[in-house]
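Colleague: I would like to go through this structure with you before I use it. Please show it, and then I will ask about its parts.

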Number of protein chains: 2
Amino acid sequence: MSISRWLPCLDWGRQYNRSHAAQDSMAALIVTLMLIPQSLAYAMLAGLPPVHGLYASLLPLMLYAIFGSSRTLAVGPVAVVSLMTAAALQPLFPQGGPSYIAAAMLLAMMSGLILTLMAVLRLGFFANFLSHPVISGFISASGLLIAIGQLKHVLGISVSGESLVQLIPGLFSALPDTHGPTLLIGLLSLSWLWWARSQLKPLLQKLGLNAQVAANMAKAGPVLAIVMTILAVSVLHLDQSGVKVVGTIPQGLPAFSLPELDWRLALQLLPAALLISLVGFVESVSVGQTLAAKRRQRIDPDSELLGLGTANLSAAFSGGFPVTGGFARSVVNYDAGAQTPMAGVFTAVGIALSALLLTPLLHNLPQAVLAATIIVAVLSLVDLGSLKRTWQYSKQDGLAQLATLLGVMFIGVEAGILIGVGLSLLLFLYRTSKPHMAVVGQVPGTEHFRNVQRFDVIESPSVLSLRVDESLYFPNARYLEERISELIAARPQVRHLVLMCPGVNLIDASALDSLEAIAERLNIAGVQLHLSEVKGPVMDQLRRSDFLERFGGQVFISQYQALKTLAPELTLSTLEHSHSFAASNRRNP
Amino acid sequence: MSISRWLPCLDWGRQYNRSHAAQDSMAALIVTLMLIPQSLAYAMLAGLPPVHGLYASLLPLMLYAIFGSSRTLAVGPVAVVSLMTAAALQPLFPQGGPSYIAAAMLLAMMSGLILTLMAVLRLGFFANFLSHPVISGFISASGLLIAIGQLKHVLGISVSGESLVQLIPGLFSALPDTHGPTLLIGLLSLSWLWWARSQLKPLLQKLGLNAQVAANMAKAGPVLAIVMTILAVSVLHLDQSGVKVVGTIPQGLPAFSLPELDWRLALQLLPAALLISLVGFVESVSVGQTLAAKRRQRIDPDSELLGLGTANLSAAFSGGFPVTGGFARSVVNYDAGAQTPMAGVFTAVGIALSALLLTPLLHNLPQAVLAATIIVAVLSLVDLGSLKRTWQYSKQDGLAQLATLLGVMFIGVEAGILIGVGLSLLLFLYRTSKPHMAVVGQVPGTEHFRNVQRFDVIESPSVLSLRVDESLYFPNARYLEERISELIAARPQVRHLVLMCPGVNLIDASALDSLEAIAERLNIAGVQLHLSEVKGPVMDQLRRSDFLERFGGQVFISQYQALKTLAPELTLSTLEHSHSFAASNRRNP
């Protein structure tokens, strides 16, 4: 039981049969075709020699198959994590050099250790700090940043820098050096990929293929671009006229090696490793959850942490760089009919064969094609409409999203995320620091109590009923004291204050102190505090202090009960007023 | 209207009369007697020459009288803020030197600017970050730290360092150098002050004085210690045998001067200035609120910010250091019958006269007496029982309090507070990240729905009723998705899920995304999501998105209504089960 909790592969492995194997290997073939150009491209995006993209798509797939809980998630290099890798390493090392490669492996190892540790200590909770607006702002900004950063490969110029502040002036000043043939290859690839993305499948269907076959063949569109441009470069010797190509790729599988352990460097990379782990985990879990729900399966966040952790550790030992579950490849895997993570194992075999056999053929692949592959992939992640929708729904969330977006684009990836997370927290605390409170009165003829400003209700002159629509905790403890002081100071005839608590899910120690201070100050002023409609768990906690004995008031099961006890004369007036209720109900609740 | 909002003195000034003046001047006399030794002592604690304590008790009192909203708060140097001043400056400058004094004035100016800015921008909200457990832990730790730090003056030895890690070994190694006569003076003063604190008033009453006069005379106990020890030193020439005395105090009022503006230093002091401002504000407001409530008055947090801000600015221009509203002196002021802030103005006049006339007499005052004054004052702030009570009430709050306490004592004042604040936030987020959720069913024969695990209720096999007892926001958005996946995966026959929301005070953009994802995944699995008992403000916000149109379900006014609509067969079973309810009600709500 506890072993299978950590080894989800035992579940599906037991029932594995020939039909599963057939479906999984078909899916693996399609994903492999899609992964070859993507892996090379994302390695380039991460600042590494392209072959490391293939290395990062081997062992991680197998390890995830053993420890991960999603049946259809495909693990490997993804755009956003590759960008974060580049952002962390480019300021420290010459791009693509041996120390850069070693640092990328170290980063993968640290990310793997962090995720594994989070699995063991059950700290998946930390991923929740990344609110959806922050993630959405970050992803859109990353998409734009990556696309703009890849333009130099399409233009055949060289520009350095990570943030837009450096990139855009660099692009403009280097624009006159644009290399014609490279630009032509780049634009043709971009147009083809963009068109193939949405139009290739319908065309193939029109040509008579059935929907499934057409869809699978359309997935090979990028492969066609690669084959065509390699042929063009080889035949026209474009590499000799200045088109930058991938160059010699070492043939064969990666050698196992331990990343160098440089403690000072590890400390320096720790913030980046933490963010890469969290962002990668969040991206992977949301993909996994969406796909699992489609088949009414579920994924286990702890298993996901362990699956991704071991995947990253294996990447570190086999020449890879940080990886996670990718959206595009997982959807392709799912659509192609993958039944179990065995599809991932088959994909790894496919990639390994490519590394063994195909790498000599990739020598003449133009970098501009890889850049075009990246640009088309990431631009689909950019969703500025989401900013508008979020802003419309809530100014606070919109502000957090905007701050993340601008922070990532103009300051840097890590700074942007941290600004977004900090702002989300701050705005949430601000929002709950002045909770909605309503003085309520009895709706005539009922046992209901409603806001005196929205309804024509009956109030007792000596009993003030106050409903608080928020948990009582430190950000609003002082506000509660102030509001009650204000209300009581304005009503000299009040003798009882009943705090109505149906919306109070928590009373923390600060709020307890405040309630004690309120009760004491009210007592001095000749007013008694009472509570009503306190929830079970909150009541359980209050019983752990001596507040209930000391505050001198009562805890009523309902506000109606409170008024019946404290203002028995009030029920008399119920009948007098009841006729006016329907007419003067000013607004809905 | 808007001017009197910023000038509360216009309110009480209009009605000021001779009776007020008589009561205020009497209170001022008593507070002045108490303030002279305390001001000198707190200046010493802050690492400044004692006379600066008098300077800091002049203008600040007047400025607060103009802008502050509390009628009885007494502003000036206080123990905790003096300790924070010393902690900020001692690592940077030789104690008590001209650059140290200049930096203390700069710190007062920055604190004044921060508080004034918070008043203008209405940012008093930030003080809420200091939860009560954090403040309590900080005050207890400060009290212990200050008391231990003053022991060297009582022992007549010299020890340097701020945190206990430095102080305690220093004290032990210097113990053999203890100076006999100093120790004798110190112990006698300590014993007298400790005894006088609780026993002097009863004794004077036994001697026939009435309660009020006895109480006022008892307040002068510290003054007696000062007079007696000055006489002893003068007559026995103890200063020549090694008893350290205050020495020559410049006679007269402080010269007005602008603090030197050293921007690098200002940046370095910014974190300390921020914390001093927040801590001082929180201490002052809680004292002011307690005293105001006793007379059914109220204070205005923005006026308090402005009052304290201008008080600190004036301290900066007149040789002072950071000040705030003090607990002990305010209570004395209140008890002595102060009616308006004019009592503060009279106190300032009293202190000014002392600075003009009394300073030559203070030359022979032993430092050990000032140290004894501080120790007795701060030990009354130490409340370790509070830690136990907090821990009992809530482990999370107790943990934050303990961390602050240990952090302040063993790492440093600022680090301790920051650790406490960070931990409070983290634990709150953790607490709300896995909210209490209950599958509920109908209590037979009623319209109430209760937890199926606590009550014997009626459930529909096809309708799952789930109550969430927390606002839905980013820390728990993903948990909601996971829990619902789990629940639905375990109940294949369910066709409708009704989310019951009486405890949901907020649905943020992250939770909205999660609800959309949940609705979509449920739809794919053949289950329809519905909501019930959604509060007005939450409903208003949901209407700003297109969720309500798109999620396909209904929003029911009550859970009963939901079941009546979705599972009409359920009402039939009501009668069958109703007899078993009373018998099998397992536990209270």
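Colleague: Is B:Gln559 buried or exposed?

Modeller: This is a predicted model, in which local features need pLDDT of at least 70, side-chain atom pairs count only at pLDDT 80 or more, and totals for chains, interfaces and linings use all residues. Residues are numbered from 1 along each chain as its sequence is written, chains are lettered from A and ligands numbered from 1 in the order in which they are written, and side-chain values use heavy atoms, with hydrogens and water left out. Buried means under 20% relative accessible area, exposed over 50% and partly exposed in between, with a 1.4 Å probe and protein chains only. B:Gln559 has a relative accessibility of 0%, so it counts as buried.

Colleague: Which residue has a side chain in polar contact with that of B:Gln559?

Modeller: B:Gln559 belongs to helix H25 of chain B; helices (H or I, at least four residues) and strands (E, at least two) are DSSP runs, numbered from the N terminus. A contact means heavy atoms within 4.5 Å, and B:Gln559 touches B:Phe449, B:Ser465, B:Val498, B:Met500, B:Ser532 and B:Glu533, leaving aside residues up to four places away in sequence. A polar contact is a pair of N or O atoms within 3.5 Å; within protein, one must be able to donate a hydrogen and the other to accept it, and residues adjacent in sequence count only if both atoms are side-chain atoms. For the side chain of B:Gln559, at 2.6 Å, the partner is B:Ser532.

Colleague: At about what angle does helix H25 of chain B run to S6(B)?

Modeller: The sheet of chain B is open and mixed, with six strands in the order S4-S3-S5-S6-S7-S8; two strands pair if DSSP finds at least two bridges between them. Axes are lines fitted to C-alpha atoms, for helices over the stretch in contact, and angles run from 0 to 180 degrees between N-to-C directions. Helix H25 (residues 559-566) of chain B lies across S3, S4, S5, S6, S7 and S8 of chain B, and its angle to S6(B) is about 170 degrees.

Colleague: Which residue in S4(B) stands opposite B:Val440?

Modeller: S4 (449-451) is an edge strand of chain B and pairs on one side only. Strand S3 (residues 437-442) of chain B runs antiparallel to S4(B), and three bridges join the two. Opposite B:Val440 stands B:Asn451.

Colleague: Why does B:Thr182 count as buried?

Modeller: B:Thr182 lies in helix H10 (residues 180-206) of chain B, and a polar contact of 2.6 Å joins its side chain to that of B:His179. Beyond four places in sequence, B:Thr182 touches several residues, among them B:His153, B:Val243 and B:Ala368. B:Thr182 counts as buried because its relative accessibility is 4%.

Colleague: What rotation superposes chain A on chain B?

Modeller: Copies are superposed by least squares on the C-alpha atoms of residues with pLDDT of at least 70 in both. For chain A on chain B the RMSD is 0.1 Å, the shift along the axis is 0.0 Å and the rotation is 180 degrees. That is therefore the relation of a two-fold axis. The same surface serves both copies, with 100% of the contact residues of chain A recurring in chain B, and the rotation asked for is 180 degrees.

Colleague: Which residue of chain A comes closest to the rotation axis?

Modeller: The distance is taken at C-alpha, and its value is 2.4 Å. The residue is A:Gly503.

Colleague: How many residues of S5(A) are buried?

Modeller: S5(A) pairs with S3 of chain A in the antiparallel sense over three bridges and with S6(A) in the parallel sense over five bridges. One face of S5(A) holds A:Val463, A:Ser465 and A:Arg467, the other A:Leu464, A:Leu466 and A:Val468, and all are buried. Of the six residues of S5(A), the number buried is six.

Colleague: What share of the residues of chain A count as buried?

Modeller: Chain A has 26 helices and eight strands, and its C-alpha trace spans about 100 × 60 × 60 Å along its principal axes. Among contacts in chain A with a separation of 6 or more, residues 24 or more positions apart account for 79%. Of its 589 residues, the buried share is 59%.
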